[in-house]
Amino acid sequence: MEENQHNPGTPVFEIELLFENRPEEAGREALEKALSERLDSAAWAEDAYTVGKYPARICVDPPSPFDPSCISDFTRGQMWNVPQANQLLARCTHHVRLSDQNAQGLDYKARGDLIVQMTEAVFACYPDCVAVYTPAAGRLLTAEQMRSNPSRGGDRFLYLCVNTRFFSVSGTEGDMMIDTVGLSQIGLPDLQYHFHSLNPNALMKHAYSVASLLYAVGPMMKSGETIDGMDNYGISQEIRWPVQYQHGLIEPPRIVMAITPGEYAVP
């Protein structure tokens, strides 16, 4: 797998605002104002909002019924950041779906910014929203997490749209996997670790640090090059972990940057 064969990005990126009751639909004037404040300008035409900052359009659907069962147990099992995620989803009865259009050709940073700005703008127009869900990544945030997002710059996209997952490998003696989902949706490689005997919570923090670097500089590292590794005491420049671009081991199908964690790697 050549390092420049990364993911092309998806034609449409969707976000869902979730509600415990059917919300009053936000008017076009309110949506145009909110989108304009973040994306230079916004004008309704042909069922979508054309924005000034990027050559793209934003579609905001009216409120419609939401079926919590559409989110699989597999996806729910990776919603680590939301305590009692199942109970929260079970209370949701309606959603508002928003998506970008004609945005696949944008640079990944521009598209990531577009997705964050459109989501935060529409979220502000729906004060009764209780959660925000990114279907392609299985990422769920509570409304409070949305309002108190501590991230800046490109990390706002990571916080909103990238999920870090953890798996125990059945049939083994302690083998584990960590990967990310969401970077591939805008054209970057996701990350993957296959390991043992290392604190998974610490390694998830390592994955977030690498994802932040990847978003900042792009997929500059080539297969066989190394990055800062870590041990049970933390990240260290003295520890070098090689990277290799390959197909992901766990769905969805995509190209990942597989990081070999030194002595903790599974052969």
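Buried residues make up 51% of the 267 residues in the protein, and the model in which they are counted is a predicted one. The chain is built with 7 helices and 14 strands. Along its principal axes the C-alpha trace spans about 55 × 40 × 30 Å. A compact globule of 267 residues would have a radius of gyration near 18 Å, and the 19 Å of this protein agrees with that value.

Among contacts between residues at least 6 apart in sequence, 62% join residues that are at least 24 apart. The protein exposes about 12,500 Å², and carbon and sulfur atoms supply 50% of that area. As for charge, there are 20 positive and 33 negative charges, and their mean positions are 4 Å apart.

**The interior**

In soluble globular proteins, nonpolar side chains tend to be buried together. Here the largest nonpolar core has 69 residues, and those with the most contacts inside it are Leu 17, Phe 157 and Tyr 193. Helix α4, which covers residues 108–124, gives the most to this core, with 9 residues. A second, separate core has 12 residues, including Val 82, Cys 92, Ala 131 and Leu 140.

Not counting residues up to four places away in sequence, Leu 17 touches, among others, His 94, His 95, Val 96 and Leu 98. Its partners also include Val 122, Phe 123 and Tyr 126, as well as Cys 129, Ala 131 and Val 132.

The table gives the relative accessible area of two residues.

| Residue | Relative accessible area |
|---|---|
| Ser 151 | 10% |
| Met 221 | 13% |

Ser 151 lies in the loop between α5 (143–147) and α6 (155–161). Is this residue buried or exposed? Ser 151 is buried, because its relative accessible area of 10% falls under the 20% that marks a buried residue. Leaving aside neighbours within four places in sequence, Ser 151 is in contact with Arg 156, Tyr 159 and Tyr 208.

Met 221 has its place in the loop between α7 (200–217) and β12 (226–231). With a relative accessible area of 13%, Met 221 is buried. The C-alpha atoms of Met 221 and Glu 32, which are 189 residues apart along the chain, are separated by 40 Å.

Methods. Residues numbered from 1 in each chain as written. Predicted model: local features only at pLDDT ≥ 70, side-chain atom pairs only at ≥ 80, totals over all residues. Heavy atoms only, no water. Helix = DSSP H or I, 4+ residues; strand = E, 2+ residues; numbered from the N terminus. Rg over C-alpha atoms; globule rule 2.2 N^0.38 Å. Buried < 20%, exposed > 50% of the residue type's maximum accessible area, 1.4 Å probe, protein only. Contact = heavy atoms within 4.5 Å. Areas by Shrake-Rupley, 256 points an atom, 1.4 Å probe, with all protein chains shown as cover. Lys, Arg positive; Asp, Glu negative; His and termini not counted. Charge placed at Lys NZ, Arg CZ, Asp CG, Glu CD. Core = buried A, V, L, I, M, F, W, Y, C linked by side-chain atoms within 4.5 Å.
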